[in-house]
Amino acid sequence: MRHQGGHLQRLLRALRRQGGWLPAWVFAAGLLAVPALGLAAEGTTAGPVDYRDIPGIGSRNIVWVIAQLHLLLAGFVLGVPIFAWLCEIVGWKSGEKRYDKLAKEFTKLLTSSYATTALFGGILLFLLIGFYPKLMNYLTDIFFPSFVFYCILFLLETATLYLYWYGWDAMQDGGKKTFHIFLGFLLNLFAFFIMIVPNSWATFQASPVVIAEGTDIQRAWAATWNPTWWPVNIHRLIANVVLGGYICGAYAGIRYLAARNAEERDHYDWMGYVGNFIGVFGLLPLPFAGYWLMREIYQYNQQMGITLMGGFLSWLFILQAMLIGVLFLGSNYYFWLGITHRIPGSEGQYKKPIMTMLVILLLCLGVWMTPHSLVASLEEARKMGGTHHPLLGVFGVMSAKMTVANLMILVTFMSFIMYWRAGKQETATWAKVARSVMGAVLILAGIAVIVLGVWGYFVPAIIRINYFSTSQVLIVLFVMLTITPLTALLLKSARTTTEMVWGRMPPRAGYALVLNAVMVILLMTLMGYARSSSRVHWHIYGVMRDSSQYAFSPALGYAAAFMALNTFLFCMLVAFIFWVATMGDKAKAGPGVSKGDLPHGMPAMAGGAPHDTDQRS
Amino acid sequence: MSEVVKLQLIGLTIVGMGIVILLFVRAQFARVIGFVAIVLGLFSLVALAVPQMASLPPAEEKFDIATVKTPTDMAAIGQKIFFSKGQCALCHSIGPSESARCPDLKGIGAKLSREFIFESLTQPQAYIYLDYRHEGPPKEYPARMPYINKNPIGLTKNEILSVIAFLQQMSGEPISVSPSELEVPGQAPKAPVKAEDAAPVAVAHAR
């Protein structure tokens, strides 16, 4: 006993000597040992183990955090190359070096974020094998051929990324630049396949296709090409562009807030604009992709569709409406701030249209957020004659929500067009006709969307879903595909009346960019929960039942706490990656180094003046 | 203190911390973290303000054959299955409903024979009901009836008979299924909810 007491005293003395470090190490070691305790507890049972757990924390919670972080990082890693490649092409075509510089700045992030994503992927894989051995065994049995294909894709992606990043400066001229652009294409092509292969594993769990006969490859292919695979592929591809754009915007926003001189403010103001533009560019078609996915889910399995939209997850879609609404408002607000602050003298000119758009957006958001059944006390429900409000109840149905979603897209699109045209005067002879056509198209489209929405109340659901909602989507797409090229043609010969000036945005613009990024990340975590919960108590819907103690979907409040935690952790991870990646630059630049190649008070390219020739290479 | 209240307190604390950071800290990055904390805290508080419903796995109705003495006992079990494991109420209404995605089941036990109901549940594509709730030619309902005896719902024969008993009772009809028809455990196939039993499901639709 004395001997042991001596050990203890030495340990305590050591703890005191080491200050805070040793306890921290002991604590960390204890944390690392926790899994061993949990696994050991399960290890006493004989025979194969279906599940392992870590008591107290819960295997499901750990997998939830790691899987979500991996998915968000993967979205970032797949979104950034699209973003960077688009910027590189713009820089290549327009000759504006700052686009190339921006593309390079973001590609640099890829090397560290790629490794972090792979790290979380590895952790996730080990956890899944450890916690869900039976499920993983089943999935491996079905998908082994695609596991091999996935590994090959990773090799190709890694090699391409090295060439793309390390060859950037060496491949700047002539044919080499074309080859570099081609490498960027390959990078995105492999990244796309890297995304869709694991998508097949995830979508298989929701909409499995299992065939008992055939070779391994035939079985894997049948399982891969399941009903929700392509809708999820398209939805995630677009969402990754949105994520990449808005994260770029948030980074620019933070740097803008912390900028110490005019050059930095100019550069990060411009970067914020580009990030927001690409984010909005992806955001506009995203609801259509989501609609298609939902349609496929309904067609695959009505019960799953109803569980999502009308069952215990129905309130989730009110939260989704809130997040998307805030995202639309944030994106528009940033555009409006740009018009009023970057274009001197335009404050009064655009006040009325901005106010009109704001009112429309708020009304639409109000309708979108109106729940089908209200939260009401027994007394209130009795007075209303049920849980449906006598007046607001009409807004709680899909016909109203589809209508306002389309209207919000239209308004956001018009915000962008307004920003694009601000500070310019069309000189083409046919400008008046074009403006009238665009106005007529917009007004008629708005009326048609509303008429179809109201009409949708009086037709059976199948007619509304198959014809009316689809028509609304097609009308909005038609507006975009008509007005965008027409505006581009008009502005080709336009005269710049007021030069756009960077670096004058108020600090709230930086916060708006951060808010947009947080909304997108929260949306991804929210829809991840929805996708996972739609399988209810099945690991693989209808095939392998979840018989663990976690075979339930937690309530929205509990889930939201995890979503918020995951969002925060992801933001910190991304901030760390940005910090690490730019550490070398700061050291290289040192204090007082000229940033002459950055635009200072210069007119803009997109959305600004097209004549900033001194920015061209 | 309930879990929701605890989470609300955490959410409020996080929002409060964010406000304090914005008010008293000048470092820009810390201020952004404070702002993000406020946004995330508010999001959590809104999510905690809506109805909190967890999705629990359906309770297995125990068929203690010895305790099921009368057809009414079967109907009582069938009613529970109708609204839980069977998921019937997800699509079907009992009484007219414009929004129902499947036929109204009010009085169905009086209109259809037990054999027909059994076939509708286990071979739903054998005879398809059309929707006459609108003008013009009748159309198929938007929801397709699933095979109720196969996964993911996977009712056993005893459970299906109980649901039929409930539908008949609800329609004011004499219940034509009898407890003597229930399969005694061990002498009949097990419930198809175990993963190993369920392995190859039908190939999902190819459209």
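The largest nonpolar core has 175 residues, and the members that touch the most others are Phe83(A), Val514(A), Val520(A) and Val36(B). A nonpolar core here is a set of buried Ala, Val, Leu, Ile, Met, Phe, Trp, Tyr and Cys residues joined through C-beta atoms within 7 Å. Burial is a matter of counting: a residue is buried if 20 or more other C-beta atoms lie within 10 Å of its own, exposed if 12 or fewer, and partly exposed in between, with C-beta atoms placed from the backbone. Val36(B) touches Val514(A), Val518(A), Phe568(A) and Cys571(A), leaving aside residues up to four places away in sequence; contact means that the C-beta atoms, placed from the backbone, lie within 7 Å. Another core, of 21 residues, lies apart from the largest one and includes Ile77(B), Ile117(B), Leu155(B) and Phe166(B).

The model is predicted: local features need pLDDT of at least 70 and side-chain atom pairs count only at pLDDT 80 or more, while totals for chains, interfaces and linings use all residues. Residues are numbered from 1 along each chain as its sequence is written, and chains are lettered from A and ligands numbered from 1 in the order in which they are written.

Turning to the interface, 53 residues of chain A and 45 residues of chain B take part in the contact. On the side of chain A, the elements giving two or more residues include α8 (229–257), α12 (314–342), α18 (507–533) and α19 (556–589). Helices (H or I, at least four residues) and strands (E, at least two) are DSSP runs, numbered from the N terminus. α19(A) supplies the largest share of this side, nine residues. By class, the chain A side holds 41 nonpolar, 11 polar and one charged residues, where Ala, Val, Leu, Ile, Met, Phe, Trp, Tyr, Cys and Pro count as nonpolar, Asp, Glu, Lys and Arg as charged, and the others, Gly among them, as polar.

Chain B itself contains eight helices and two strands, in the order α-α-α-α-α-α-β-β-α-α from the N terminus on. Of its 207 residues, 31% are buried. Among its contacts between residues at least 6 apart in sequence, 60% join residues at least 24 apart.

In chain A, Ala67(A) sits in helix α3 (residues 59–94) and counts as buried because it has 20 C-beta neighbours inside 10 Å. Ala67(A) and Ser532(A) are 465 residues apart in sequence, with 11 Å from C-alpha to C-alpha.

Two helix pairs of chain A complete the picture. Helices α4 (residues 97–131) and α5 (residues 133–166) pack at an angle of about 165°, with their axes 13 Å apart; axes are lines fitted to C-alpha atoms, for helices over the stretch in contact, and angles run from 0 to 180 degrees between N-to-C directions. The contact of α8(A) with α10(A) divides into 10 nonpolar, two polar and one charged residues.

Methods: Two residues are in contact if their C-beta atoms, placed from the backbone, lie within 7 Å.
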